[in-house]
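Have a look first, and then read on.

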Amino acid sequence: MAAPVINKPGAATSTVQSLTLGKALNLGLRAAMEADPKVLVMGEDVGKLGGVFRITDGLQKDFGEHRVLDTPLAESGIIGTAVGLAVRGFRPVCEIQFDGFIFPGFDQIVSQVAKLHARTLGRVKVPLVIRVPFGGGIGAVEHHSESPESYFAHTAGLKVVSCSNAVDAYWMIQQAIQCDDPVLFFEPKRYYHSGFMKAEVDTEATPEPLFASRVVRQGSTATLVAYGPSVKVAVDAATAAEEDGHSLEVIDLRSLSPLDLAPVFESVRRTGRLVVVSEAPAEASLTSEIAARVQQECFYSLEAPVLRVTGFDTPYPPAKLEEEFLPDLDRVLDAVDRSLAW
Amino acid sequence: MSSAEQWTHPEPREGPAATAAAPTAEQVIAGLRATSEGGPELVQLLTPEGERVENPEFDRYVADVTAEDLRSLYRDMVLVRRADREGNALQRQGQLGIWVPLLGQEAAQIGAGRALRATDMVFPSYREHGVAWCRDISPKDVLGIFRGTDHGSWDSQAKRFHPYTIVIGNQVLNAAGYAMGQRFEGRVGDDDGEATMVFFGDGATSQGDVHEGFVWAAVYDAPLVFFCQNNQWAISEPTERQSRLPLYQRARGYGFPGVRVDGNDVLASLAVSRWALDECRHGNGPVLIEAFTYRMDAHTTTDDPTRYRHSDELEAWKLKDPIERVRVNLVRHGDADQDFFDSVQAEADALAADLREFCFTMPQPPTEQIFNHVYAEASPYLDAQRDEFLAYHANFTGGEH
């Protein structure tokens, strides 16, 4: 195995690097594989090619073909064999090539991954991670731009997280791999290689807990809640609103199941107004769940109904229409205006 | 409504769909033809009449089997059949929600189960009570699944017998992954190598997961024995609804050997399973075994086979009973006397009585079992949901719910 290419304590180089979200994931995976020889990476094209998005670039070269598996092309096979490997004591990290291709593996995820621990009354753990590049905005053909996270948040036994930035990407993937429960890990593919999303990642820092939301921008007029690619939309909206004299608080959920809503409740009790932003269709979704819980916990604090800015309740449209489908700054600000005018 | 006579009069009928869907005479004949003979490729060491026949390829895998061993295999089969019949009776008496009978498949399961070593891993479907028995799992540990108190109470890691899998075919991929792990850990390649055996039925061979399991095991050279019990019926659908060609021949298309064994012949099942496991231990896996057998009872206690299969077929298979041929062989060679058969029967009856007593005294599972173990790590949200419900529940203590 070749020497790993990350910074070590005492090394001459700084432990702080400027990384894209994709590169941060790559280094996070590398760190996890170095820390635990039972960690495997498996999926379609993840070896020599480094994945279609290059997130696993160089891992097979350094860790070998038995730790970075170019699998046959079948998603149920990827997930189903990962279950067996986990039962054997490995910690598989599966890559699903695109969000819309996870459904052949849905049966294994819901029937085996999610339920094996409960079925065995805790005797068998399934510590596997399923990485899913998700969301739109890349001008792709059908099945390459979807946001299926609510299906998995709905399923007991699974944990679901989504990173929105490079720092979280680096740490959250490692924490997900260390978790003894199965974790669906949703990555905002649109921002994998965006230079403007580069961030300073300190590989020696102490990370925040995995299953915790975070206030990314403080405010007092209204609260915006988002996750994954929608966090940037929410932050941009808050920046624009500032010019109109509106102070918007932005919360990045980070964990979608379990939901860490205490900071959201605290915020809504102060602002009285909540707008939830997500690319996924609204009906029976995570945004519905958040609205339900907030009305239950913050009933007397709400000055307006919880509003949602989401993808529509339609199949994901052809690429020339996707910018109209996806929540953007204007739609978020419109929702804020409606909330304030209530 | 579902007499066999109806099937010989396939005129279009009106009436309920279930009746209208009864097979035509042609289908019945095709089914009988397909299921009554295993074909020339069938590996058989004990004929239905109890005669030991030579097989140059597989004899050596049972050359060490003594008369005592054969008596032991007989005992296994009688005990698991008796426990199975008790399970069926307990369901009929309302003590179990459902029972999944193994009647007729004792030889396939005991032969395979006794070929396994303690270090091997097993992934069962949900009818493998006989294999469970061979893994030192009491029928009591299986009972909770069907009484509704748990999903199986054995320690699947310690016994190396995975929980029953009910979604058809899922376990085949899980087994392929486990076997890949055995190979990645270097536990394959010599006489002490490990292997995995996965059980599924003829119906499961149509599932994508089984085909994907074949692909995965093949390309990773996994030490995996695919043990397909072809019991001729997937609930109401005959094997001809699943495949044009004999199931064991599918292996060739995936690049590994397939063998059809007489699943009602415990000695042949033992021999072929030992051979297959041996191949896997030495790194020559995977291997497919098709155990050609017959589901003598219903799919489950909710099923009514008289709606879809001819009673003649059942009668024909009774003549190939897996237990009787061993009994005849033992008697013919003077390897067992009446005292032996009586003592096994007495042991079987005691096992059944004990199982019945256990069933009646199984406690109601605690309410918090609904919530516990959903996650390996702490789950404050679920804990709160549990506590809220338990507090609500406690309001009714001693009163009417």
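In chain A, 78% of the contacts with a separation of 6 or more join residues 24 or more positions apart; two residues are in contact if their C-beta atoms, placed from the backbone, lie within 7 Å. Please keep in mind that this is a predicted model, in which local features need pLDDT of at least 70 and side-chain atom pairs pLDDT 80 or more, while totals for chains, interfaces and linings use all residues. Residues are numbered from 1 along each chain as its sequence is written, and chains are lettered from A and ligands numbered from 1 in the order in which they are written.

As for overall dimensions, the C-alpha atoms of chain A fill a box of roughly 60 × 50 × 40 Å along the principal axes. Its radius of gyration is 20 Å, which agrees with the value near 20 Å for a compact globule of 342 residues (taken over C-alpha atoms, with a rule of 2.2 Å times the number of residues to the power 0.38). Of these 342 residues, 56% count as buried, meaning that 20 or more other C-beta atoms lie within 10 Å of the residue's own. Chain A has 12 helices and 14 strands, taken as DSSP runs (H or I, at least four residues, for helices; E, at least two, for strands) numbered from the N terminus.

One of those helices is α3(A), residues 75-88, whose 14 residues reach 20 Å from first C-alpha to last, close to the 20 Å expected at 1.5 Å a residue (1.5 Å times one less than the number of residues). In α3(A), 14 of 14 residues are buried. Just after this helix, Gly89(A) has a positive phi of about 115°.

Turning to where the chains meet, 30 residues of chain B contact 33 residues of chain A. On the chain B side, α8 (170-184) and α9 (208-219) each supply at least two residues, and α8(B) gives the most, with 10.

Within chain B, α4 (residues 67-92) and α13 (residues 322-332) pack at about 145°, their axes 10 Å apart. Leu70(B) and Tyr74(B) are among the α4(B) residues in this contact, and Val326(B) and Leu330(B) among those of α13(B).

The two contact regions compare by class as follows.

Key
Axes fitted to C-alpha atoms, helices over the stretch in contact; angles between N-to-C directions. Buried ≥ 20, exposed ≤ 12 C-beta atoms within 10 Å, placed from the backbone.
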